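Hi everyone, thanks for coming. I'd like to walk you through one structure today, so please have a look at the screen.

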Amino acid sequence: MWIEILVVMSMTLGRLQAQAGTEADGIQFLDEYNTKAGMVYNENVKAAWNYYTNITDENLEAMTASNLESAEFSKDVARNISARFPNWNTFTRADVRRQFKKLVDLGFSAINDTEKLKSISTLEAELTGIYSTGKVCLPEFGKGCLSLEPGLTDLMAESRNYQELAAAWKGWRDASGKKMKSKYTDFVNVMNEAIAFSGYNDTGEYWRSWYETPTFEQDVKNLYEQLRPLYENLHAYVRRKLMNKYGAQYFPDNGHIPAHLFGNMWSQEWVNIYDLVEPYPEATSVDITAKMVEKGYNITHMYRVAEEFFTSIGLDAMPEGFWTKSMLEKPADREVVCHASAWDFYDGEDFRIKQCTTLTESQLLTVHHEMGHVIYFLAYNNQPVIYRDGANPGFHEGMADIVSLSFQTPEHMKAIGLLDEIPTDDKSDLNFLLKMALDKVAFLPFGYLIDQWRWSVFNGATTPATYNHDWWDLRCKYQGISPPVERSEDDFDPGAKYHIPGNTPYIRYFVSYILQFQWHKALCDEIGYVGPLHRCDVYRDSAAGDLLRNMLMLGSSKPWQEAMEVITGSPEMSVLPMVEYFDPLLQWLKEQNKEENIGWSSICPTDIPSPDSPRSASGSSNIHPTALLLAGLILVLGIIFY
């Protein structure tokens, strides 16, 4: 199939080479490319889908071959552009220049060594395979051998046994990251070698180029630092609550929290420990998972509920093929990559979700998230293939998450029958805000630090000899957490997070958390909402959908700043809507934390305990004197030192 496409493409390009390389010829070239590229990418995505939904050597071989064919197609296109349109950057139409600019930036495909390209594809698949097939056996806790989803994920969410959580935490890192360090080192080296042929110093520089912003690194740092006080206050409050639950003897004296106590394998979101930190247990509360069971939800119904949210604001329904071709549950007869994802097959009709869905509130939110990606696919479906992507990588994730800010409100839960009455008292409101903060605010440093580590690996500042040390330096510094058991360079804890072996850039998620609050405020303003931002629900208001669609339909055809201005009226990213959203909670947290030491040491503790040998009980949340001094300076000067 692909060879036929390449032959036709080459014949077409050959005809064009006999003519003058005018702008009109360039437009014809782009039209021809758009038709053929859709066919090539469709075959490539099909091969990837087959592997990710059925991990076999045969499917791996087919996917690798397809990746190489797709890369060769891209190189052939770029070669013909260079030969036929050497002065494309002088064309008068900005849109034509933008398409050519994207087409000649080949990324990893620029390297002429087919074996190196094959190595990139094979290593990524092997790393993902290690991650996806890992299992942890916990017989000492009455458990069998558990895969990550749903077994270990549920255990981390539900267990309140310190030792069991530590065993699961360590076991997953032994079963995943520890087995892939040498392969990951090879992966980094071959990617850096390949990307040099596209003129980039390293892979991290290439990834950052997608944001089309020279000051991007400093910009995201500034955004993070503006939000740090909110995270610090949440951290202090949660630390005290967890110490009350588990005992101070398990907590280091430098202000850190053991990383396995947050109800999540990676400490990236803390909503699963809401029952331990709920401000007012006597106030209105509802178990959404139990309510879903009571209402007779099944997996398909979860997706129909998500679809109905989007159609209620005038956005697209899922195509019929979505319901027959998606993998919405984990199959019992084969190994698959369970990590949830949305797929565009580039034929204008085939869009799917791959998710090992279970009947829980958290999974219902993930269903909305993945469908948000598909809504974006559908919105820019009429753009040329080269523009069928988010305005920047954070836009796609922001779109996927924006629905959560409406979906999780009491108003929306009442509207879809998962809440009997809408609470109006302040205590219930604070309960709701804290639960949202455990999801949105707790994630911020994690979303920021993942690629700080990876960029450092790509540019050589972090070497294989310090992979794990540098990883924990960042987690201790930014998250204020530390490992529950001793770590060394025999471990490779970054690999225990899917996006490292899966090679998915992560700063997009941090960016998306800024964007989704900006967009949420813009949509609420558009529908004329009056009230606290955290209680706005745009459900069933087509004005919100119209504004959102105007931005989504652009794809990546414009710089992201222009797409941003369409929806917010400003080309800049801003933390102000997020600050506004959580301000009532921040004021409450400051009051609750009056007796707490805000902050933590930026240095990881040296006395990492084992589950069987906890620290000596101190009965207090003491912090290292240096941390106290820094915290004091922060409060006085408003400066972040760590």
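Predicted model: local features only at pLDDT ≥ 70, side-chain atom pairs only at ≥ 80, totals over all residues.

Let's begin with charge pairs. How many salt bridges does the structure hold? The count comes to 33.

One of these joins Glu164 to Lys143, with 2.5 Å between the closest N and O atoms. Glu164 sits in helix α7, residues 162-175, while Lys143 is in the loop between β1 (135-137) and β2 (145-147), so the bridge ties together parts that are 21 residues apart in sequence. Are the two partners buried or exposed? Glu164 is buried, at 8% relative accessible area, whereas Lys143 is partly exposed, at 32%.

Next, Arg304 and Glu307, where the closest N and O atoms are 3.1 Å apart in the salt bridge. Both belong to helix α13, residues 299-312, and because they are three residues apart there, about one helical turn separates them. Arg304 is partly exposed with a relative accessibility of 38%, and Glu307 is buried with a relative accessible area of 10%. Hold on to Glu307, please; I'll come back to that residue.

Now to helix packing. In general, two packed helices are described by the angle between their axes and the distance between the axes.

My example here is α20 again, this time with helix α10, residues 216-246. Their axes come within 11 Å and cross at roughly 55 degrees, which makes α10 oblique to α20. The crossing is left-handed. Which residues of α10 and α20 meet? From α10 we have Phe216, Val220, Leu223, Tyr224 and Leu227, and from α20 Ile507, Phe510, Val511 and Ile514. Sorted by type, that contact has nine nonpolar residues, no polar and no charged ones.

For the second pair, we return to α13, which meets helix α15, residues 361-379. These axes come within 9 Å and cross at roughly 50 degrees, and the two helices are therefore oblique to each other. This crossing is right-handed. On the α13 side, the contact includes Met302, Tyr303, Phe310 and our Glu307; on the α15 side, Leu364, Val367, His368 and Ile375 are among the residues involved. The contact of α13 with α15 divides into nine nonpolar, three polar and one charged.

Last, the leucine I promised. Leu276 lies in helix α11, residues 274-277, and counts as buried at 18% relative accessibility, since the cut-off for buried is under 20%. What does Leu276 touch, leaving aside residues up to four places away in sequence? The list is Arg160, Lys241, Leu242, Lys245 and Tyr246. As for Pro484, 208 residues away along the chain, its C-alpha atom is separated from that of Leu276 by 19 Å.

Key. Residues numbered from 1 in each chain as written. Heavy atoms only, no water. Salt bridge = Lys/Arg side-chain N within 4 Å of Asp/Glu carboxyl O. Helix = DSSP H or I, 4+ residues; strand = E, 2+ residues; numbered from the N terminus. Buried < 20%, exposed > 50% of the residue type's maximum accessible area, 1.4 Å probe, protein only. Axes fitted to C-alpha atoms, helices over the stretch in contact; angles between N-to-C directions. Parallel < 35°, antiparallel > 145°, perpendicular 65-115°, else oblique. Left-handed = near helix turned anticlockwise from the far one by under 90°. Contact = heavy atoms within 4.5 Å. Nonpolar A, V, L, I, M, F, W, Y, C, P; charged D, E, K, R; others polar.
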